[in-house]
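Good morning, colleagues. Please look at the display first.

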Amino acid sequence: MKKITIAIDGFSSCGKSTMAKDLAQKIGYVYVDTGAMYRAVTLFAMRHSLFNADGTVKTDRLQSLMPNIHISFKLNRETGRPDTFLNDELVETEIRNMEVSGHVSPIAAIPFVRAAMVERQQQMGKDKGVVMDGRDIGTVVFPDAELKIFVTATADVRARRRYDELKGKGLPANYNEILKNVQERDYIDTHREVSPLRKAADAIELDNSHITIDEQNEWLMRQFRRACDEDTNIEKQPTR
């Protein structure tokens, strides 16, 4: 079966990463968590005091340090999923905390950060056979992806999921703080000038507010098979 590119976009805390990881594992594709890449840049900026007191970014300093930021993914054999490394340091847990969550949107809105990340993402997926999730995968990174999914859910459902995830990992969590963060990130993601979050014209929308993970995975597999069948049929059509 010919390999395709799968782009999964949507709002924060919709479970995009989980569904993308599960699908990639089932079909033997490479999974790339683009959100983790922006979180890693955010962690780097925090560690190097690149945020002003009002939460804005010291962009000139960050831009000069961008060549020193190296992000990679390595398979965790225990979980069967990739972990995020920043300059060869495992940061998978650290980039998921609320402090990073509260600072990632300003970082992700910076044009030179997005340009650098998009270039790396396109390089990772140049041979297809990839499942990539984020905010602009189907609109900017891979506008010609054979399968595009746009995931959404209500803000309160997403905040509850994030709260449960953090508590399940033994990390501190406050529901109201998380809900506020989700709503703020939604606004920033959809209103930024560079690569705002939006549904691609040919993307299939999935509202997963009230469905189970199993139902979601079954739905996603159906979309994958359909996309592969359509791509195969296109390849078989005779040229004139």
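Before we turn to the sheet, one term is needed: two strands are said to pair if DSSP finds at least two bridges between them. Please also keep in mind that this is a predicted model.

On that basis, three strands make up an open sheet, ordered S3-S4-S5, with antiparallel pairing. Strand S3 and strand S5, the latter covering 89–90, are the edge strands; each has a single partner strand, so one side of each lacks a neighbour in the sheet.

Let us consider the first pairing in detail. Strand S3, residues 71–76, and strand S4, residues 81–86, are joined in the antiparallel sense over six bridges. Within this pairing, phenylalanine 73 has threonine 84 of S4 as its bridge partner, and lysine 74 stands opposite aspartate 83 in S4. S3 and S4 form a hairpin with four residues between them, and in the turn glycine 80 shows a positive phi of about 75°.

We now come to the helices. Helix H2 lies across S3, S4 and S5, and runs at about 30° to S4. H2, residues 34–47, also packs with helix H6, residues 111–124, at an angle of about 140°, the axes being 11 Å apart. H2 is therefore oblique to H6, and the crossing is right-handed.

Which residues make this contact? From H2 they are Thr34, Met37, Tyr38 and Val41; from H6 they include Val113, Arg114, Met117 and Met124.

Note on methods: Residues numbered from 1 in each chain as written. Predicted model: local features only at pLDDT ≥ 70, side-chain atom pairs only at ≥ 80, totals over all residues. Heavy atoms only, no water. Axes fitted to C-alpha atoms, helices over the stretch in contact; angles between N-to-C directions. Helix = DSSP H or I, 4+ residues; strand = E, 2+ residues; numbered from the N terminus. Parallel < 35°, antiparallel > 145°, perpendicular 65-115°, else oblique. Left-handed = near helix turned anticlockwise from the far one by under 90°. Contact = heavy atoms within 4.5 Å.
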